[in-house]
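This report describes selected features of one protein chain. Please keep the sequence and the model at hand while reading.

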Amino acid sequence: MNAPVSAYTPEVVLAGEKIISADSHIQEPEDLWVNQLPAAMKDRYPKFPKRNSPGEKPGGWDPKARISEMETDGVSAEVLYPTLGLRLFAMEDAECQEACFQIANDWMIDYCKVTPGRLIGIPMISLYNLKNAIKELERCKKAGMVGCLIWQVPPDHLPFSSDYYDPFWEAAGEMNMPVNLHILTGFNYSRFERKGLDTYKTAVNDKVNDAANTLFDLIFTGVLSRFPKLKLVYVENECAWLPFYSHEWDKYYTRFKTKVPLPFMKKLPGEYIDEQVYATFFSDPCGGQLMNRFGQDTFMWSNDYPHAASPWPHSRKVIAEELGHLPKDVLRKVVRENVIKLYDLKIDGINN
């Protein structure tokens, strides 16, 4: 007996629709930092094992090739993050990290210049020295980059629960540069080689725990309350966990707020999430089923290109299968309009 053919096909679901990936990647040259760091810093650059990157495409390092590969996938524009640069967030040498990030940001700026408006870069920002961090944020904004990438898991001596970051939160909000927190950044499991069952556990359990714990700190210590212009973006953590945590935090905040008062909390935790927290996903069928009720204005589809986990060149097929049930107005928000609005993008031929 033949299996039924799904009505949710790209031709039906996405007929005439433009899509934008809210999380794709460039692939930096392996020797980028060793070649460009000042001579006095070359020996301070960490030594990493060579990265195995199966399935990655030339567009990761060649922007002209990328445009062709985007067209194959039916994607009109992409918001870009580093690949090798992600591991540099665990550096403890503040001066060298700053230098590495500036080199990487310059490389990303040049990469995006090849097709401005379709390739949109996110700069990496080192937070050891906040004055320098804000200067680099300003520099990158002037160069046409959007948002900023910081560590998702900070070092123990600089927790998100402290007021240390307040000048940076304020600057990012005032500059309309959303703060992005990407998996595999900072002082977590990503610093170490994963073996055996940890390969699975870290990829799922620890990843979600990192996201939930940092978001808890940023809400329950008053960061989002103090800085209402600040926008957070949780990147590649998928999205189905957010409605669960939002509901549970609301429930227990309501239950315990008299016993453990938090005077700075002017709203329920879930209200801060609704107004200031965004999330990207590239394959999250459970999250897709929830989007009729949660995340319509804050969830953003992505394809993680050119990494091995990417649905390329079948992104439109995956969208159709996992999001085809959504009303058209919600679908358009999730695959295009939310990312345009968040980063104030100007993309030829696309209206939000």
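Rings of Phe, Tyr and Trp (its six-membered ring) pair if their centres lie within 6.5 Å; planes under 30 degrees apart count as stacked, over 60 as edge-to-face and the rest as tilted. The model is predicted, so local features need pLDDT of at least 70 and side-chain atom pairs count only at pLDDT 80 or more, whereas totals for chains, interfaces and linings use all residues. Residues are numbered from 1 along each chain as its sequence is written, and side-chain values use heavy atoms, with hydrogens and water left out.

**Aromatic rings**

Ring pairs link Phe216, Phe220, Tyr234, Trp241, Phe244, Tyr245 and Trp249 into a cluster. Over the whole structure, a search finds 21 aromatic pairs.

| Pair | Centre to centre | Angle between planes | Class |
|---|---|---|---|
| Phe160 and Tyr165 | 5.1 Å | 55 degrees | tilted |
| Phe160 and Trp169 | 5.8 Å | 50 degrees | tilted |

A residue is called buried under 20% relative accessible area, exposed over 50%, and partly exposed in between (1.4 Å probe, protein chains only). Phe160 and Tyr165 are both buried, and Phe160 and Trp169 are likewise both buried.

A ring may also have a charge over it: NZ of Lys or CZ of Arg must be within 6 Å of the ring centre and within 35 degrees of the ring normal. The charged end of Arg87 sits over the ring of Phe48, 3.9 Å from its centre.

**Cysteines**

A disulfide is a covalent bond between the sulfur atoms of two cysteines; here it is a pair of cysteine sulfur atoms within 2.5 Å. The search of the whole structure finds zero disulfides. For Cys96, the nearest cysteine sulfur belongs to Cys100 and is 4.1 Å away. Cys96 counts as buried because its relative accessibility is 0%. For Cys239, the nearest cysteine sulfur is that of Cys286, 9.4 Å away. Cys239 also counts as buried, at 0% relative accessibility.

Helices (H or I, at least four residues) and strands (E, at least two) are DSSP runs, numbered from the N terminus. Two strands pair if DSSP finds at least two bridges between them. Five strands form an open sheet in the order S4-S5-S6-S7-S8, with parallel pairing. Its edge strands, S4 (148-150) and S8 (299-301), each pair on one side only. Strand S7 (residues 277-281) pairs with S8 in the parallel sense over three bridges, and Thr280 stands opposite Met300 in S8.

Contact means heavy atoms within 4.5 Å. Thr298 is placed in the loop between H11 and S8. Leaving aside neighbours within four places in sequence, Thr298 is in contact with Asp274, Val277, Tyr278, Ala279 and Asn338. Thr298 counts as buried because its relative accessibility is 8%.

Helix H12 (residues 315-323) has buried residues including Val318, Ile319 and Leu323. The buried residues of H12 pack against several elements, among them S7, S8 and helix H13 (328-343).

**Backbone features**

Most residues other than glycine have a negative phi, and most peptide bonds are trans. Which peptide bond joins Trp312 and Pro313, cis or trans? The bond is cis, with omega about 0 degrees. The peptide bond from Tyr305 to Pro306 is also cis, with omega near 5 degrees. Pro306 lies in the loop between S8 and H12, and Pro313 lies in the loop between S8 and H12 as well.

Leu184 has a positive phi, near 70 degrees, and is found in the loop between strand S5 (179-182) and helix H7 (198-220). At 28% relative accessibility, Leu184 counts as partly exposed. Glu238 has a positive phi near 60 degrees. Glu238 is buried, with a relative accessible area of 11%.
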